[in-house]
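Here is a short walk through one protein chain. Keep the sequence and the 3D view side by side as you read.

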Amino acid sequence: MKAMIPNDAATQALGESVREEQSLHDEILSRLRDHIVEGNIPEGGRVPERQLCEMLGISRTPLREALKVLAAEGLVELLPNRGARVRTLSEQDLAELFDVMGGLEGLAGRLACERITDEEIAEIERLHYEMYGFYLHRDMHGYFHVNQLIHQKIVEASRNATLKAAYANFAGRIRRVRYSANFARKRERWGEAMREHETILEALRRRAGNELSDILFRHLRNKRTAAVEHLKTGAATASEPA
């Protein structure tokens, strides 16, 4: 029997189906990641699969596929035959992870200043002012999303695949606490973070690699301080009698 060769229409339909499935997977992953990062499930808490399936309008199979990705990012832990839970980080974990991230971002900033294009700087500048708009409107979700994009763009401009992979590996582990750190000393810290981003953008415009590297490392150190404060505040609140 001769093998059937799919016609162009069938090939196109198959390609569209694959793209739709990938788009759905990405949307589920993004919504689930945001749900966890924004603290809707407590640290160490079990991931409520049934509730999330209802919320997202999906079955358990795509949910569990998304959880596997988040486990690889370090945001959740998969439990053998018992679902998943949100990863818990100690104060020591935070100190070590933020220092590593500071080192990676500092290196990325130095390399980016050597290799970044004018168009990439213009895109980061556009994102900066978009983030500033979210800051003025106290839109934490929008601010955090664009903030992460800016840091990601600087890493991508380093043109170093190994650095980019290492950054992605560690970024997932602290994404949740990096978000919650914005609530520690919220008003003053948020304003301080915006001023730091102004200096990041200015150093990037001048392609001042050493200066940008130092700014990014200090920026992550300040984030670490806020994250540890938030962790201690949460622990103190949890230990208070009802």
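Read along the sequence, the chain follows the pattern α-α-α-β-β-α-α-α-α-α-α. That gives nine helices and two strands. The model is a predicted one. The protein chain has 242 residues, and buried residues make up 41% of them.

Start with helix H2, which covers residues 49-56. Which of its residues are buried? They are Glu49, Leu52, Cys53 and Leu56. Seen down the axis of H2, these buried residues fall within an arc of 105°, so they line one face of the helix. The other side of H2 has exposed residues: Arg50, Gln51 and Glu54. An α-helix has 3.6 residues a turn, so residues three or four places apart point the same way. After H2 comes Gly57. The phi of Gly57 is positive, near 70°.

Now move to helix H5, residues 118-136. Two salt bridges here share Arg126. In one, the side chains of Glu123 and Arg126 meet, at 2.9 Å from N to O. Glu123 and Arg126 are three residues apart in H5, so about one helical turn separates them. In the other, Arg126 pairs with Glu130, and the closest N and O atoms are 3.1 Å apart. Arg126 and Glu130 also both lie in H5, four residues apart, about one turn of the helix. How accessible are these residues? Glu123 has a relative accessible area of 27%, so it is partly exposed. Arg126 counts as partly exposed because its relative accessibility is 43%. Glu130, at 33%, is partly exposed too.

H5 has another feature to find. Tyr129 has its place in this helix. Together with Tyr132 and Leu136, Tyr129 forms a nonpolar patch on the surface. The accessible area of the three together is about 310 Å². Tyr129 itself counts as partly exposed, because its relative accessibility is 46%.

Arg221 forms a salt bridge with Asp99, and their closest N and O atoms are 2.7 Å apart. Arg221 lies in helix H9 (residues 209-239) and Asp99 in helix H4 (residues 91-115), so the pair ties together parts that are 122 residues apart in sequence. In the model as a whole, the count comes to 17 salt bridges.

Last comes helix H7, residues 161-180. Its 20 residues reach 29 Å from the first C-alpha to the last. That is close to the 28 Å expected at 1.5 Å a residue. Where does H7 bend? The bend is at Ile174, and it is about 50°. Ile174 is also one of the buried residues of H7. Others in that list include Leu163, Tyr167, Ala171 and Gly172.

Conventions: Residues are numbered from 1 along each chain as its sequence is written. This is a predicted model: local features need pLDDT of at least 70, side-chain atom pairs count only at pLDDT 80 or more; totals for chains, interfaces and linings use all residues. Side-chain values use heavy atoms; hydrogens and water are left out. Patches are made of residues with over 30% relative accessible area and no salt bridge: like charges are joined within 9 Å, nonpolar side chains (Val, Leu, Ile, Met, Phe, Trp, Tyr) within 5 Å. Accessible areas come from the Shrake-Rupley method with a 1.4 Å probe; for residues, only the protein chains shown count as cover. A salt bridge is a side-chain nitrogen of Lys or Arg within 4 Å of a carboxyl oxygen of Asp or Glu. Buried means under 20% relative accessible area, exposed over 50%, partly exposed in between (1.4 Å probe, protein chains only). The arc is that of the directions from the helix axis to the C-beta atoms. The expected span of a helix is 1.5 Å times one less than its number of residues. The bend at a residue is the angle between axes fitted to the seven residues ending there and the seven starting there.
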